[in-house]
Amino acid sequence: MNFSHQRSIPQSLQEYGRGIAGGLMFSLPLLYTMEVWWAGFTLHPGRILLYLACTFVVLMLYNRFAGLRRDAALREVAIDSVEEMGLGLVLASLVLWLTGRIDHDMSLAELAGKIVMEGMTVAIGISVGTAQLGGEGTEDEGVAGDERWSGGYLPQAAIGLCGAVLFVANVAPTEEIGVIAMESSPRMLLLLAALSILLGALVLHFAGVHGADRHVARDTWLLSLRGIVTTYAVALVAAGACLYFFGRLDGLPWQLAFAYCVVAAVPAVLGASAGRLLLQIRPPGH
(Lines give C-alpha, C1' and ligand atoms only; values in the text may rest on other atoms or scores of the structure.)
Protein backbone atom coordinates (compact mmCIF):
# COMPACT_ATOMS: atom_id res chain seq x y z
CA MET A 1 0.00 0.00 0.00
CA ASN A 2 1.35 3.45 -0.93
CA PHE A 3 1.08 6.16 1.71
CA SER A 4 1.21 9.89 1.05
CA HIS A 5 3.65 10.24 3.96
CA GLN A 6 6.47 7.75 4.47
CA ARG A 7 7.98 7.81 7.94
CA SER A 8 11.40 6.51 8.87
CA ILE A 9 11.73 4.26 11.92
CA PRO A 10 13.15 7.11 14.10
CA GLN A 11 10.26 9.38 13.02
CA SER A 12 7.73 6.66 13.81
CA LEU A 13 9.30 6.10 17.23
CA GLN A 14 9.17 9.86 17.90
CA GLU A 15 5.47 9.91 16.98
CA TYR A 16 4.78 6.96 19.27
CA GLY A 17 6.65 8.73 22.07
CA ARG A 18 4.57 11.89 21.63
CA GLY A 19 1.42 9.81 21.44
CA ILE A 20 2.17 7.94 24.67
CA ALA A 21 2.94 11.20 26.46
CA GLY A 22 -0.28 12.79 25.18
CA GLY A 23 -2.35 9.71 25.95
CA LEU A 24 -1.23 9.63 29.58
CA MET A 25 -1.43 13.41 29.99
CA PHE A 26 -5.07 13.62 28.89
CA SER A 27 -6.39 10.38 30.36
CA LEU A 28 -4.52 9.75 33.60
CA PRO A 29 -7.37 11.15 35.76
CA LEU A 30 -9.72 8.58 34.17
CA LEU A 31 -7.27 5.74 34.71
CA TYR A 32 -7.40 6.57 38.43
CA THR A 33 -11.22 6.91 38.59
CA MET A 34 -13.04 3.94 40.11
CA GLU A 35 -16.38 4.79 38.49
CA VAL A 36 -14.77 3.98 35.12
CA TRP A 37 -13.46 0.66 36.47
CA TRP A 38 -17.02 -0.18 37.57
CA ALA A 39 -18.49 0.88 34.22
CA GLY A 40 -16.20 -1.62 32.53
CA PHE A 41 -17.95 -4.60 34.10
CA THR A 42 -21.48 -3.25 34.71
CA LEU A 43 -22.29 -1.93 31.23
CA HIS A 44 -23.87 -4.09 28.54
CA PRO A 45 -21.30 -5.30 25.97
CA GLY A 46 -23.37 -3.71 23.22
CA ARG A 47 -22.94 -0.26 24.76
CA ILE A 48 -19.19 -0.81 25.15
CA LEU A 49 -18.98 -1.73 21.46
CA LEU A 50 -20.98 1.41 20.59
CA TYR A 51 -18.52 3.43 22.69
CA LEU A 52 -15.69 1.85 20.69
CA ALA A 53 -17.37 2.80 17.40
CA CYS A 54 -18.11 6.38 18.49
CA THR A 55 -14.50 6.85 19.63
CA PHE A 56 -13.36 5.72 16.19
CA VAL A 57 -15.58 8.41 14.61
CA VAL A 58 -14.17 11.09 16.96
CA LEU A 59 -10.61 10.01 16.08
CA MET A 60 -11.43 10.11 12.36
CA LEU A 61 -12.81 13.66 12.72
CA TYR A 62 -9.79 14.87 14.68
CA ASN A 63 -7.24 13.21 12.42
CA ARG A 64 -9.02 14.52 9.32
CA PHE A 65 -9.48 18.12 10.42
CA ALA A 66 -6.63 18.76 12.87
CA GLY A 67 -4.26 15.81 12.63
CA LEU A 68 -0.76 15.60 11.26
CA ARG A 69 -1.16 14.83 7.58
CA ARG A 70 -3.11 17.44 5.64
CA ASP A 71 -3.20 15.60 2.33
CA ALA A 72 -3.61 12.08 3.69
CA ALA A 73 -6.24 9.91 2.02
CA LEU A 74 -9.28 8.85 4.02
CA ARG A 75 -7.90 5.30 4.17
CA GLU A 76 -4.68 6.54 5.76
CA VAL A 77 -6.66 8.58 8.31
CA ALA A 78 -8.65 5.42 9.15
CA ILE A 79 -5.43 3.40 9.57
CA ASP A 80 -3.97 6.09 11.86
CA SER A 81 -7.18 6.04 13.93
CA VAL A 82 -7.13 2.24 14.31
CA GLU A 83 -3.44 2.38 15.23
CA GLU A 84 -4.16 4.98 17.94
CA MET A 85 -7.00 2.86 19.32
CA GLY A 86 -4.73 -0.18 19.49
CA LEU A 87 -2.01 1.79 21.25
CA GLY A 88 -4.61 3.22 23.63
CA LEU A 89 -5.78 -0.28 24.57
CA VAL A 90 -2.20 -1.46 25.18
CA LEU A 91 -1.35 1.60 27.29
CA ALA A 92 -4.58 1.34 29.32
CA SER A 93 -3.94 -2.38 29.93
CA LEU A 94 -0.44 -1.64 31.18
CA VAL A 95 -1.54 1.11 33.60
CA LEU A 96 -4.51 -0.93 34.88
CA TRP A 97 -2.23 -3.93 35.48
CA LEU A 98 0.46 -1.86 37.20
CA THR A 99 -2.15 -0.31 39.51
CA GLY A 100 -3.69 -3.70 40.28
CA ARG A 101 -7.03 -2.99 38.60
CA ILE A 102 -6.88 -6.05 36.35
CA ASP A 103 -5.43 -9.51 36.90
CA HIS A 104 -5.59 -13.01 35.44
CA ASP A 105 -8.42 -14.09 37.79
CA MET A 106 -10.96 -11.79 36.14
CA SER A 107 -13.34 -12.97 33.47
CA LEU A 108 -12.61 -12.08 29.86
CA ALA A 109 -15.71 -9.85 29.74
CA GLU A 110 -14.62 -7.83 32.78
CA LEU A 111 -11.07 -7.49 31.49
CA ALA A 112 -12.22 -6.37 28.06
CA GLY A 113 -14.79 -3.95 29.49
CA LYS A 114 -12.33 -2.21 31.80
CA ILE A 115 -9.62 -1.95 29.15
CA VAL A 116 -11.96 -0.61 26.46
CA MET A 117 -13.65 1.97 28.73
CA GLU A 118 -10.24 3.31 29.77
CA GLY A 119 -8.42 2.79 26.48
CA MET A 120 -10.65 4.93 24.28
CA THR A 121 -9.89 8.19 26.10
CA VAL A 122 -6.22 7.21 26.08
CA ALA A 123 -6.52 6.80 22.28
CA ILE A 124 -7.91 10.34 21.86
CA GLY A 125 -5.06 11.65 24.01
CA ILE A 126 -2.58 9.75 21.85
CA SER A 127 -4.01 11.35 18.71
CA VAL A 128 -3.84 14.84 20.19
CA GLY A 129 -0.37 14.28 21.66
CA THR A 130 1.02 12.95 18.37
CA ALA A 131 -0.20 16.03 16.51
CA GLN A 132 0.35 18.77 19.08
CA LEU A 133 3.53 17.85 20.93
CA GLY A 134 5.78 17.81 17.86
CA GLY A 135 8.41 20.42 17.06
CA GLU A 136 7.31 23.43 15.06
CA GLY A 137 7.86 23.08 11.35
CA THR A 138 8.81 19.40 11.48
CA GLU A 139 5.40 18.06 10.51
CA ASP A 140 2.47 18.97 8.33
CA GLU A 141 -0.07 21.38 9.69
CA GLY A 142 -3.12 19.23 9.32
CA VAL A 143 -6.23 20.39 7.54
CA ALA A 144 -6.34 23.20 10.09
CA GLY A 145 -3.43 24.75 8.24
CA ASP A 146 -5.49 24.95 5.06
CA GLU A 147 -7.22 28.32 4.74
CA ARG A 148 -10.22 26.65 3.11
CA TRP A 149 -10.85 24.71 6.33
CA SER A 150 -9.49 26.94 9.09
CA GLY A 151 -12.79 28.76 9.63
CA GLY A 152 -15.15 26.18 8.08
CA TYR A 153 -18.32 25.56 10.06
CA LEU A 154 -18.41 21.77 10.02
CA PRO A 155 -14.64 21.19 10.51
CA GLN A 156 -14.62 23.62 13.44
CA ALA A 157 -17.71 22.00 14.95
CA ALA A 158 -16.04 18.58 14.60
CA ILE A 159 -12.83 19.78 16.30
CA GLY A 160 -14.99 21.42 18.98
CA LEU A 161 -16.64 18.05 19.61
CA CYS A 162 -13.22 16.42 20.03
CA GLY A 163 -12.17 19.10 22.51
CA ALA A 164 -15.43 18.82 24.44
CA VAL A 165 -15.15 15.02 24.71
CA LEU A 166 -11.55 15.30 25.91
CA PHE A 167 -12.55 17.69 28.70
CA VAL A 168 -15.88 16.23 29.82
CA ALA A 169 -14.77 12.57 29.74
CA ASN A 170 -12.67 13.24 32.83
CA VAL A 171 -15.66 14.33 34.95
CA ALA A 172 -18.67 12.58 33.39
CA PRO A 173 -18.19 9.22 35.20
CA THR A 174 -17.87 10.79 38.66
CA GLU A 175 -20.60 10.82 41.30
CA GLU A 176 -20.14 14.56 41.79
CA ILE A 177 -21.96 15.42 38.55
CA GLY A 178 -25.06 13.62 39.86
CA VAL A 179 -24.83 15.25 43.30
CA ILE A 180 -24.69 18.74 41.79
CA ALA A 181 -27.50 17.98 39.33
CA MET A 182 -29.82 16.57 42.02
CA GLU A 183 -29.17 19.36 44.50
CA SER A 184 -29.48 22.24 42.02
CA SER A 185 -32.77 24.08 41.66
CA PRO A 186 -34.10 24.83 38.13
CA ARG A 187 -33.00 28.45 38.59
CA MET A 188 -29.43 27.40 39.42
CA LEU A 189 -29.36 25.03 36.42
CA LEU A 190 -30.50 27.92 34.24
CA LEU A 191 -27.66 30.03 35.62
CA LEU A 192 -25.18 27.21 34.94
CA ALA A 193 -26.40 27.06 31.34
CA ALA A 194 -26.03 30.85 31.04
CA LEU A 195 -22.53 30.63 32.53
CA SER A 196 -21.57 27.99 29.96
CA ILE A 197 -22.80 30.14 27.06
CA LEU A 198 -20.99 33.19 28.42
CA LEU A 199 -17.78 31.18 28.81
CA GLY A 200 -18.01 30.08 25.18
CA ALA A 201 -18.60 33.67 24.02
CA LEU A 202 -15.74 34.95 26.18
CA VAL A 203 -13.23 32.46 24.81
CA LEU A 204 -14.27 32.74 21.17
CA HIS A 205 -14.79 36.49 20.87
CA PHE A 206 -13.45 38.54 23.78
CA ALA A 207 -10.46 36.90 25.46
CA GLY A 208 -8.06 37.14 22.51
CA VAL A 209 -7.25 33.43 22.66
CA HIS A 210 -4.52 32.45 20.21
CA GLY A 211 -6.03 31.10 17.00
CA ALA A 212 -9.44 32.69 17.43
CA ASP A 213 -8.69 35.16 14.63
CA ARG A 214 -8.13 32.28 12.19
CA HIS A 215 -10.61 29.66 13.35
CA VAL A 216 -13.64 31.62 14.58
CA ALA A 217 -16.11 33.08 12.06
CA ARG A 218 -16.95 36.61 13.20
CA ASP A 219 -17.67 38.59 10.01
CA THR A 220 -21.23 39.41 11.13
CA TRP A 221 -23.06 39.28 14.46
CA LEU A 222 -25.19 36.46 13.06
CA LEU A 223 -22.08 34.32 12.39
CA SER A 224 -20.79 35.10 15.87
CA LEU A 225 -24.12 34.10 17.41
CA ARG A 226 -24.20 30.89 15.35
CA GLY A 227 -20.72 30.01 16.60
CA ILE A 228 -21.65 30.54 20.26
CA VAL A 229 -24.90 28.56 19.99
CA THR A 230 -23.14 25.76 18.11
CA THR A 231 -20.39 25.62 20.72
CA TYR A 232 -22.92 25.14 23.53
CA ALA A 233 -24.91 22.60 21.51
CA VAL A 234 -21.73 20.61 20.83
CA ALA A 235 -20.88 20.76 24.55
CA LEU A 236 -24.33 19.42 25.49
CA VAL A 237 -24.05 16.59 22.96
CA ALA A 238 -20.57 15.62 24.20
CA ALA A 239 -21.73 15.78 27.83
CA GLY A 240 -24.83 13.66 27.13
CA ALA A 241 -22.85 11.09 25.14
CA CYS A 242 -20.14 10.69 27.80
CA LEU A 243 -22.73 10.43 30.60
CA TYR A 244 -24.61 7.79 28.61
CA PHE A 245 -21.52 5.74 27.82
CA PHE A 246 -20.43 5.74 31.47
CA GLY A 247 -23.93 4.65 32.56
CA ARG A 248 -24.70 7.84 34.49
CA LEU A 249 -28.10 8.44 32.85
CA ASP A 250 -29.50 4.92 33.29
CA GLY A 251 -32.93 4.87 34.89
CA LEU A 252 -33.17 8.64 35.32
CA PRO A 253 -36.28 10.65 34.40
CA TRP A 254 -35.59 12.91 31.43
CA GLN A 255 -35.70 16.08 33.53
CA LEU A 256 -32.92 14.82 35.83
CA ALA A 257 -30.94 13.42 32.89
CA PHE A 258 -31.05 16.86 31.27
CA ALA A 259 -29.87 18.42 34.53
CA TYR A 260 -26.86 16.05 34.47
CA CYS A 261 -26.08 17.23 30.92
CA VAL A 262 -26.33 20.93 31.90
CA VAL A 263 -23.91 20.39 34.79
CA ALA A 264 -21.42 18.38 32.70
CA ALA A 265 -21.66 20.90 29.85
CA VAL A 266 -19.76 23.52 31.90
CA PRO A 267 -16.36 21.81 31.45
CA ALA A 268 -17.43 20.54 28.02
CA VAL A 269 -17.98 24.08 26.71
CA LEU A 270 -14.41 24.98 27.67
CA GLY A 271 -13.23 22.03 25.60
CA ALA A 272 -15.45 23.03 22.67
CA SER A 273 -14.13 26.61 22.70
CA ALA A 274 -10.64 26.98 24.24
CA GLY A 275 -9.83 23.29 23.73
CA ARG A 276 -10.91 23.51 20.09
CA LEU A 277 -8.43 26.34 19.46
CA LEU A 278 -5.61 24.63 21.35
CA LEU A 279 -6.13 21.38 19.44
CA GLN A 280 -5.34 22.99 16.09
CA ILE A 281 -1.73 23.03 15.06
CA ARG A 282 -0.42 26.54 14.53
CA PRO A 283 1.52 27.09 11.33
CA PRO A 284 5.09 28.33 11.74
CA GLY A 285 5.27 32.06 12.20
CA HIS A 286 1.73 32.44 13.59
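The following questions and answers set computed values of this predicted model against their definitions.

In this predicted model, local features need pLDDT of at least 70 and side-chain atom pairs count only at pLDDT 80 or more, while totals for chains, interfaces and linings use all residues. Residues are numbered from 1 along each chain as its sequence is written, and side-chain values use heavy atoms, with hydrogens and water left out.

Q: What makes Arg47 and Asp250 a salt bridge?
A: A salt bridge requires a side-chain nitrogen of Lys or Arg within 4 Å of a carboxyl oxygen of Asp or Glu. The N to O distance between Arg47 and Asp250 is 3.1 Å, so the pair meets the definition.

Q: Why is Arg47 called buried and Asp250 partly exposed?
A: Buried means under 20% relative accessible area, exposed over 50%, and partly exposed in between (1.4 Å probe, protein chains only). Arg47 has 16% relative accessibility and therefore counts as buried; Asp250, with 40%, is therefore partly exposed.

Q: How do you know that Arg248 and Glu175 form a salt bridge, and where does each residue lie?
A: Their side chains meet at 3.0 Å, N to O. Arg248 is in the loop between H11 and H12 and Glu175 in helix H8 (residues 175–183), 73 residues apart. Arg248 counts as buried because its relative accessibility is 17%, and Glu175 counts as partly exposed because its value is 39%.

Q: What makes Lys114 and Glu110 a salt bridge, and how are they placed in helix H5?
A: The N to O distance is 3.5 Å. Both residues lie in H5, four residues apart, about one turn of the helix. An α-helix has 3.6 residues a turn, so residues three or four places apart point the same way. Lys114, at 7% relative accessibility, therefore counts as buried, and Glu110, at 21%, as partly exposed.

Q: Why is Ile9 called exposed?
A: Ile9 has 65% relative accessibility and therefore counts as exposed. Ile9 lies in helix H1 (residues 9–31).

Q: Where is the kink in H1?
A: A kink of about 40° lies at Met25, shortly before the proline Pro29. The bend is the angle between axes fitted to the seven residues ending at a residue and the seven starting there.

Notes
Helices (H or I, at least four residues) and strands (E, at least two) are DSSP runs, numbered from the N terminus.
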